[in-house]
Amino acid sequence: MPKHVVFIAGLLLAIPVWSQLPAGPGTSTEKVERPGHGYFIHLSSSNLAGRSSNDEPNSLSIHLLSAYKTSKGLCFGAGSGIDHLEIPLLPFYAYLRYDPFKTKFSPYVWLKSGYAVSLAGDDQENTWYGSYTESKGGLLLNAGFGFVLYTWPNVGVNMGIGYRFQKVSRTYHEYWWGGGEEAVREIITEFNRFELQIGVIFR
Amino acid sequence: MKNLLKTTGFFILLIAAMTACEDRRYELITYEANVPVYMDLNVFRNSFTKSEPVEIKQPGKIYFKDGYLFVNECGKGIHVIDNSDPSNPEKIAFYNIMGNIDMAIRGNILYADSYIDLVAIDISDINDPVEIDRLENVFPESVPQGDSWYPYARVDSKKGVVVDWKVRTVTEKREIYEQGGWIYINMLTFNGTGAVDGSWSAGAGIAGSMARFMLNNEFLYLIAHPWLLKTVDTESGSEMQVVDSIEVSRDMETLYRLGDKLFIGTTTGMLIYGLDNPDKPAFLSSYDHITACDPVVTDGRYAYVTLRTGNRCGGNQNLLEVIDISSITNPYLVKSYPMYNPHGLGIEGDLLFICDGDAGLKIYDRTDPLGILTNQLAHFADIDTYDVIPLEGILMLIGEDGIYQYDYTDIQNIVQISHLLIAGE
């Protein structure tokens, strides 16, 4: 597993553990009580793994989302973050989660769908055949399941596994020796990745 | 122990899941190209007809048989010319054979290519030809010539036979590194030849300096693709079948047979195959030369090869090469002669006829292979020549502005006896 994933996992696990430490002499630990509905923020980091032809079998993804949970356990929200799948990406997505339990250990399933914008600038290359490159993001789909462990009334740590689909493309403009027009060559990659997610939830 | 097994199982599943997902990459290529125009296969395979004589516009290979001269109209069909009187050749019919370039005649059966197929036509009655057999997909990559300024889009043979190209913008979806499409030229065999490429042929039933078809009794050898030589058994006139295919690691262009030897002109040399088993040509030897188009003719002792510039074969020299093949497994160069832009050639007796492009027709005494240029007998400089058939004192020559015939029975007094103009001349 890449070092950055281990580092972020350690950091995220440390937050709820630290949050449970006694505040000082004479302070008692409060009983965890979970409200049935309300807003929450979810910060997560994921390792996206899969077989790849571009020598990047593992990629990092950091997402931050804000959502509202109804009393029935359905969560609606939206989020963004930073992904790196061949090129750096800024994703925007809608978030749907079903989290039916009100227990300290709470399993759930989630769905994300949106579009990721490329953060890579155009790569101008002045070659003899006049090639230059443009990068473009594309559709994002993500689904999975996991759990939240509420170690503090308003803070929980989560882990999850899922599937991530992301489409990106790189477009090369080339000049064929014959003909008058340039040739446009769009190389499209559809990333199919297994997602291992850890994160922290603030309510 | 149970927990350990569960944990181990979980991690195995996790690792399996992490490697189960695989990225997919493909390309969308948008470019201006020659895009194929298809014809339905059923329509194409029922398209052979005979019509009244038409104008000769773009003559290709020529073939002589029993007083008739057959002249290919590039990609369209075959003009039938009654040449019983060479001083007065008369067009009598036109055979509409789509995509036709080559031909050969055995007995009363005309064998002709038609884009991807080989057709057998019974010409017992020259005015009532009947298609009696068709060998499908013998030339699977054969297509007409497009606009050479543009690349070629991918061909989908399921859509039919390619009968034309249109230049327009096309978007192709393909796997990364997939063959075909996007500068697709390497996989194609162009059967349309213009004056620039000059794939002109001669042939008198047996030999032609630029023929791609060559008969050996019931066996028809044909260059199905620049690197694929096929042998077709034509014994049963109505049931042709491919009996042998040989992959050759060179670009083949022309075939010439002498006795039990098959001489193959390639862009990089001459190959010699033995025909002891006529259904299975066997490699004997090769002679390498510079990269160029190279028709070849031979008398069994010497082979004569012309090499020229200004064509798709590449090359930068214009030469006549004389090769000693008396030891068939060890051919060697006797002498090279500079030429202007030599195309087809022919031999009869001690005479060597060379079509030297714009420089016209040159006739040499080839008795001394070391002194051919100094033994020039005649030079007709005012014609643009492509190929010749010398036959029993009559020279049939095809050039840019028509079909010329010369009487050379008196070598000191070679005279032009006819000139059949092509359209627009």
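This report describes chain B of a predicted model.

## Basis and confidence

Residues are numbered from 1 along each chain as its sequence is written, chains are lettered from A and ligands numbered from 1 in the order in which they are written. Because the model is predicted, local features need pLDDT of at least 70 and side-chain atom pairs count only at pLDDT 80 or more, while totals for chains, interfaces and linings use all residues; side-chain values use heavy atoms, with hydrogens and water left out.

The predictor gives the complex an ipTM of 0.76 and a pTM of 0.74. For chain B the mean pLDDT (the predictor's confidence in each residue, from 0 to 100) is 84, and 85% of the residues reach 70 or more. Over residues 192–207 of chain B, however, pLDDT stays under 50, although the model has 61 contacts (heavy atoms within 4.5 Å) beyond four places in sequence for this stretch. Where pLDDT is low, the predicted coordinates should not be read in detail.

## Overall make-up

Chain B has two helices and 33 strands, taken as DSSP runs numbered from the N terminus (helices H or I, at least four residues; strands E, at least two). Of its 425 residues, 56% count as buried, that is, under 20% relative accessible area with a 1.4 Å probe, protein chains only.

## A four-stranded sheet

Strands β30-β31-β32-β33 of chain B form, in that order, an open sheet with antiparallel pairing, where pairing requires at least two DSSP bridges between two strands. Its edge strands, β30 (385–391) and β33 (415–420) of chain B, each pair on one side only.

β30(B) pairs with β31 (residues 394–399) of chain B over six bridges in the antiparallel sense, and Asp387(B) has Ile398(B) in β31(B) as its bridge partner.

Notes:
Buried < 20%, exposed > 50% of the residue type's maximum accessible area, 1.4 Å probe, protein only.
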